[in-house]
Amino acid sequence: MSRRARLVMFGLAGAGFGVVLVLGLAGLPAFGDYKGVYGNVINGIGVTERRATDLVTALNFDFRAFDTLGEEFILFTSVLGVVLILRQMRGEQDRPSQREAEEHSFAGASAALRALSLVLIPMLLALGVYVVVHGALTPGGGFQGGVILAAGPLAVFLAGRYLRMKTVAPTIVEELGDAIGAAGYALVGLGGLVFAGVFFKNFLPLGIPGHLLSAGQLPLASIAVGLEVSGAFLVAFSEFLDQALVVRSGPGGS
Amino acid sequence: MTVLQIAALAAVAIGGTAVVVAPNPLKQTLVLSVYGMSLTALFFVFQAPDVALSEIVISTVGLPVMILLALRKVRQNERQGEREEEQ
Amino acid sequence: MSFLPFAIAAWLFLVGLYGIVSADNLIRAILSLTVVQSATYLVLLGVGYSQGGQAPIFADIPQTSKAVDPVVQVLVLTDIVIEATVTALLLALAVQAHKRFGSLNPEDLRALQD
C-alpha cells in the first residue's frame, strides 16, 4: 500500500476512531470527581495493615504483588529478546584488535567531562541504593531505583571509556543481577507460600511505620526488583553499545 | 483543576505533537526527552511522585541511550553498505 | 474543563497513531508508539485523581487526609519502566531489519509483503 493510500485510510479510520474514543472517555466520571472504591479502601487501611508510608510501593509489592511478578517477567523476557536478536548479529566478525582501536577512537571525551562523570558515578549509585531501600517510606522503589543504579556504570561510558565499563560491570555480572533479581522476587512470593500459607503473603515482622526496616517483605521485594531492573537495563545498554561501538569489518572490507 | 495542571497538560499536548512531527529520528529523540520532562511535571501536579520519578529516569537515561545507539548502528551499517558498493 | 485530561489523552493517542501510520522509518514509528502509550497514563491518572487529594504518601501527612487513588499510579509506574524495555526490543528488531533489508522504510520490508 502506498504512503498516500495509508494516509487516506488513516484519515477515515482515525476520524471514526477519534469520535468513538472521545465518546467513550466522556462517559468517565469528571476529572477530580473520584468514584472508585479500591483507592479509598487502600488509603484507609494501607498504613495500619502494611506499616508502609508509601502506599504506591505497598500496592506494587504487596497488595498486587502477583501482577508485579508478571510485569517483572515481561521485563525479563523483552531483555532476553534484545540479547537474542543483537547477539545473533554479533557472531559474524569480531576482531579483538579492532575493539582496542575503538577504545581510542571513541575517547573524544574532554577532561572536564571525564572528571565530572567520575564524580557522578558514586552519587548515582548512592542515590539508586537510597531510592531502592526507601521504597516503602518515600516515593521510589525497585523500579525507579533500578534504572538509577544502571545509570552508574553508564557514566563510565560517558567518560569515553566503553571498555572500562565492561570492567566495572562485566556482562556476566549484569546477567546474574537480572536473573537473581527476577528469581529473588519470585522467592519472596514462595516465602509467603511456605511460611504464611499464601503466595506473596507477608511473612516478615511488620515493624513501625517510617522505620527503614518496616513493612515486612516490602524492602526485600524492592531490592529484588531493583536488582533485576538494573541488571536488565545494563544488559540492554551493553548489547546496544556493543553493536554501535565495536567496529566490525565486512567481508573483504577495511 | 488548578492552573498548574492546565499548564502541564498543555505542555504535554504540545510535546506529544512535537515528537510526532519532528523532522528526523535524531531530533525526535531529543524532543522525546523534553516530552518526558513535561510528563514528569504533569505527574507531579497530579499528585503522583512515584510515577514522576519513574518517568524521569526512563526519559533521561533509559530510552535516549538505547535510541541513539540504535541510530548510530543503523548509520554504521549504511556507511558499510556504501563502501562495499564502491569496491 | 474537567474533560481536558481525557481530551488530551485522546489527542495524544490519535497523533501517535498518525505518526505510526505515516512513518517512513521504523525508528520514527517506535518513538510515535511511546506517545500512544503516554495517552494511557493520562487516562489512568485522570480517573484516579480526586479534587484536593494529596499524594498517597503518608510519611508526613496524617493518615486520615484525603489522597488520590494509588492503584492507578502503580499501573502507570510499572508500565513506564516496562515500556522502556519493550521499546528496546523493538529497536533491536529495527536494527536487525535494517541489517537484513538495508533500509528502515516499512515499505522495503519485502519479507512482510510476500
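H1(A) and H1(C) cross with a right-handed sense. The model is predicted.

**The H1(A)–H1(C) contact**

- By class, this contact holds 13 nonpolar residues, three polar residues and one charged residue.
- H1(A) brings A:Arg6, A:Leu7, A:Phe10, A:Gly14, A:Gly18, A:Leu21, A:Val22 and A:Leu25.
- Across from them, H1(C) brings C:Phe6, C:Ala9, C:Ala10, C:Phe13, C:Leu14, C:Leu17, C:Tyr18, C:Val21 and C:Ser22.

**Chain A against chain C**

- The contact between these two chains takes 50 residues from chain A and 45 residues from chain C.
- Six helices of chain A each supply at least two residues of the side that touches chain C: H1, H2 (38-50), H3 (55-63), H4 (65-90), H7 (142-158) and H10 (218-245).
- H4(A) gives the largest share of that side, with 11 residues.
- The side of chain A that touches chain C has 30 nonpolar, 14 polar and six charged residues.

**Chain A against chain B**

- Here the contact takes 20 residues from chain A and 19 residues from chain B.
- On the side of chain B that touches chain A, 10 residues are nonpolar, four are polar and five are charged.

**Chain A on its own**

- Chain A has 10 helices and zero strands.
- Along the sequence, the pattern reads α-α-α-α-α-α-α-α-α-α.
- Chain A has 254 residues, and 41% of them count as buried.
- Take the contacts in chain A with a separation of 6 or more: residues 24 or more positions apart account for 74% of them.

**The largest nonpolar core**

- The largest nonpolar core has 132 residues.
- Its members that touch the most other members come from chains A, B and C: A:Val147, A:Ala236, B:Met66, B:Ala70, C:Leu45, C:Leu91 and C:Ala94.
- Helix H3 of chain C (residues 70-101) gives the most to this core, with 18 residues.
- B:Met66 touches A:Ala236 and A:Phe240 in chain A, and C:Ala88 and C:Leu91 in chain C, not counting residues up to four places away in sequence.

**Chain B: a helix pair and its loop**

- Helices H2(B) and H3(B) pack at an angle of about 175°, with their axes 8 Å apart.
- At that angle, H2(B) and H3(B) are therefore roughly antiparallel to each other.
- The contact of H2(B) with H3(B) divides into 17 nonpolar residues, six polar residues and one charged residue.
- H2 of chain B covers 25-45 and H3 covers 49-86, and B:Gln47 sits in the loop between these helices.
- Phi of B:Gln47 is near 65°, a positive value in a residue other than glycine.
- B:Gln47 has 24 other C-beta atoms within 10 Å. The cut-off for buried is 20 or more, so B:Gln47 is buried.

Terms used: Residues numbered from 1 in each chain as written. Chains lettered and ligands numbered in written order. Predicted model: local features only at pLDDT ≥ 70, side-chain atom pairs only at ≥ 80, totals over all residues. Contact = placed C-beta atoms within 7 Å. Nonpolar A, V, L, I, M, F, W, Y, C, P; charged D, E, K, R; others polar. Helix = DSSP H or I, 4+ residues; strand = E, 2+ residues; numbered from the N terminus. Buried ≥ 20, exposed ≤ 12 C-beta atoms within 10 Å, placed from the backbone. Left-handed = near helix turned anticlockwise from the far one by under 90°. Core = buried A, V, L, I, M, F, W, Y, C linked by C-beta atoms within 7 Å. Axes fitted to C-alpha atoms, helices over the stretch in contact; angles between N-to-C directions. Parallel < 35°, antiparallel > 145°, perpendicular 65-115°, else oblique.
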